[in-house]
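Subject: Structure handover

Dear colleague,

Here is the structure I said I would pass on. My notes on what was found in it follow below.

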Amino acid sequence: MSLYGVLRTSVSGMNAQSNKLGTVSDNIANSSTTGYKRASTEFSSLLLENQGTGSYNSGSVETKVRYAIGDEGTRTYTTSSTDLAIGGNGFFIVADQNGTGAPVLTRAGSFVKDGATGNLVNAAGFTLLGYNLTDGSAGVINGTQGLVPVNMSSMNMMAEPTSAGAFSANLPDGDAVGSTKTSSVVMYDNLGNEVLTKVEFTKTAAADATATPPTGAQWTMTLTANGATTTQNLVFNSSGQLTTPNPATTSVGILNGNNVSVDISGLTALAGDYQPSAPFDGSPPQSVEDTVIDTDGVVYAVYEDGTRKAAFRIPLATVASPDNLQPMAGNVFTTTNDSGGIQIGTAETGAYGSIFSGALESSNVDIANELTEMIIAQRDYTANSKSFQTGTELLDVLMNLKR
């Protein structure tokens, strides 16, 4: 056995333990880093071929660093709705702060609104990417095409024009021919302006129970908005139910907006009082008061009246072998040949996990375990150094033989 071989083997052992101490140090330093994944050092022996049975050539030890990327950390809850954690499989897709760099993966969801751009940016400066639902963007399941920065500033004031509604009422059977009933309904044009629409019913014929067959009452419905008038004849049967028009709809036009479809199937001509009801959609201009992110990744803008409008969808990405992803600075990961390519999908579908708003995924580092590994690495390093020291002393003995 070569004494130089002893020295080389001991040096490889010290280098290996140094690598282990390096991963332990990284783990301890990042024990409070959101979404950090623990690194570990795996050892394997490198043996040299031995000639005969009377001698032994010492080899060395090799190390390989592995990352427990697929090991989920515990969730902690916060007071910020833009703090996001993933429960189950999946990674957020992020890019550099401008959202223009190559997309990478992360589990670090400590996102806040960037004051300059309005994008959601995490503590490492990476921008969260998603799909813009307001322009009908569709994603690619095996690529990152169509992803844009999730921009909170793009959720501006909203004016929802009236497009449809229903007007129901009982038109009193006892009213004389020529009598009228009047109501007003507020609608909204495309700019959010209020459009006061007048709804007037005029009785044109009374019900005749003696006719063969018996006939019901007849009324005329007039809708007036912005000076434009729509008139609709209404015919009821002897039971007071609307038979004409069929289908029971009419419409009214408003400026700066489309024609509004009005469902009048709820009109009746029975004995009793005039009892109108008119639910219509649409709303005046409103500011965004809050942002809500559901567990399926849909980002909603919440307006002053409580209306929620879907603005973005945050997708999740998976790979075949997460532990073989390549870590990069900023607690992000890129794909490798061993990890496989990314597949993108929607949270809470298939194998994809859920997105929790107001929560963060903690590091999966166990401090107690890391301190134990540190002690073991320290002992092993010391033992290797003793082997090196012994080999050096033996070489000194050999050199002294010449003297």
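Strands here are DSSP runs of E with at least two residues, numbered from the N terminus. In those terms, Pro-247 is found in the loop between β18 and β19. Please keep in mind that this is a predicted model.

Cis peptide bonds

The peptide bond between Thr-244 and Pro-245 is cis, with omega about 10°. A cis bond also leads from Asn-246 to Pro-247, where omega is near 5°. For context, most peptide bonds are trans, and most residues other than glycine have a negative phi.

Positive phi

Asn-226 is not a glycine, yet its phi is positive, about 55°. The residue sits in the loop that connects β16 (218-225) with β17 (228-236). Asn-226 counts as partly exposed because its relative accessibility is 42%.

Glu-348, likewise not a glycine, has a positive phi of about 70°. Its position is in the loop between β29 (343-345) and β30 (354-357). With a relative accessible area of 42%, Glu-348 is partly exposed, since that class runs between 20% and 50%.

A buried loop residue

Where does Val-319 lie? Val-319 belongs to the loop between β26 (316-318) and β27 (326-328). Its relative accessibility is 10%, so Val-319 counts as buried; the cut-off for buried is under 20%.

Which residues does Val-319 touch, not counting those up to four places away in sequence? They are Leu-105, Leu-325, Thr-335, Ser-339, Gly-340, Gly-341 and Ile-342. For one of these, Gly-341, the C-alpha to C-alpha distance to Val-319 is 5.9 Å, while the two residues are 22 apart in sequence.

Surface charge

A patch of negative charge lies on the surface, where Glu-289, Asp-290, Glu-304 and Asp-305 gather. Among them, Glu-289 is part of strand β23, which covers residues 288-293. Glu-289 has a relative accessibility of 57% and therefore counts as exposed, the cut-off for exposed being over 50%.

Regards

How values were computed. Residues numbered from 1 in each chain as written. Predicted model: local features only at pLDDT ≥ 70, side-chain atom pairs only at ≥ 80, totals over all residues. Heavy atoms only, no water. Helix = DSSP H or I, 4+ residues; strand = E, 2+ residues; numbered from the N terminus. Buried < 20%, exposed > 50% of the residue type's maximum accessible area, 1.4 Å probe, protein only. Contact = heavy atoms within 4.5 Å. Patch = residues over 30% accessible without salt bridge, like charges linked within 9 Å, V, L, I, M, F, W, Y side chains within 5 Å. Areas by Shrake-Rupley, 256 points an atom, 1.4 Å probe, with all protein chains shown as cover. Salt bridge = Lys/Arg side-chain N within 4 Å of Asp/Glu carboxyl O. Lys, Arg positive; Asp, Glu negative; His and termini not counted. Charge placed at Lys NZ, Arg CZ, Asp CG, Glu CD.
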